[in-house]
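Take a moment to look over the sequence and the model before reading on. The paragraphs below go through one part of it step by step.

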Amino acid sequence: MKRPRIGITTAVDHNNIARHSLKSGYAEGIIRAGGVPILIPNFDEVELTSEYVKICDAFVIIGGNDVDARFYREENLQFNGEIEPGRDELEINLIQKALKLNKPILGICRGLQIMNVALGGTLYQDIFTQVGTKCLKHIQQAPRWHGIHEISIEKTSKLFDIFKQEKLSVNSTHHQAVKDIGNDGIIVARTSDEIIEAVEWRNFKFAIGVQWHPEAMWEKEPIFLKIFEALIESVNDN
Ligand code: MN
């Protein structure tokens, strides 16, 4: 069987403009799950995303810095963090084009957030300020493979079909989160402090975003590879 080509976005370091980067767990996870990773660099010619949408069968939108709040119709508050000019526009463009063709997308951490923004939703610019002191430890001080908080997964979700568990201990390295859900998305996982930890858009074949980092966990806990396998399997679903 042909191995699906999975486009993976990359981070750009504006303090070191020549460098695009990707943590190894993404590409290695896709290979292990049966796909062929195709890295998508950051570029100014946004229309070039059309070429990647043609080349790739599915996409992983990776984690990273904060989203410029103007993309979700807010001003940047003082506690919004570092942003990567250019990357937001490119990823929003890529997501919208890929979904128009119903190509599967998995968003991870910032990837979930930018998917939500691309579909008209909004974010908390800083959960610790805007949601409050009841927040759990969403920026863990532990190795990235370590699950720091539990999430509750809706039993009627694709995410439950993937993991077959209602409770899952996951890692957490975010200070932002989804606020209002864009375009008929459904919340499918939360922490006990009501922070949204996963969203599915069921009007598409596979459009799932998770707030945690499976790419940093699968090597120690193979169950987390299942979400990469599900993305790849969905390529051949009708
Ligand atoms: Mn979290």
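A residue is called buried when its relative accessible area is under 20%, and exposed when that value is over 50%. The model shown here is predicted. With the cut-off in hand, strand S12, residues 196-200, can be described as mostly covered, since five of its five residues are buried.

S11 covers residues 186-190 and runs antiparallel to S12, with four bridges joining the two. In this pairing, Ile-186 stands opposite Glu-200 of S12. The two strands form a hairpin with five residues between them, and in the turn Glu-194 has a positive phi of about 75 degrees.

The pairing with S13, residues 207-210, is also antiparallel, and three bridges join this strand to S12. Here the bridge partner of Ala-198 is Val-210 in S13. S12 and S13 likewise form a hairpin, with six residues between them.

The next topic is the metal. Which residues are the protein donors of the manganese ion? They are His-138 through ND1, His-149 through NE2, Ser-172 through OG, His-174 through NE2 and Glu-197 through OE, and they lie 2.2 to 2.3 Å from the ion. Along the chain, these donors follow the spacing H-x10-H-x22-S-x1-H-x22-E.

How values were computed
Residues numbered from 1 in each chain as written. Predicted model: local features only at pLDDT ≥ 70, side-chain atom pairs only at ≥ 80, totals over all residues. Heavy atoms only, no water. Donors = N, O, S within 2.8 Å, 3.2 Å for Na, K, Ca; no water. Buried < 20%, exposed > 50% of the residue type's maximum accessible area, 1.4 Å probe, protein only. Pairing = 2+ DSSP bridges.
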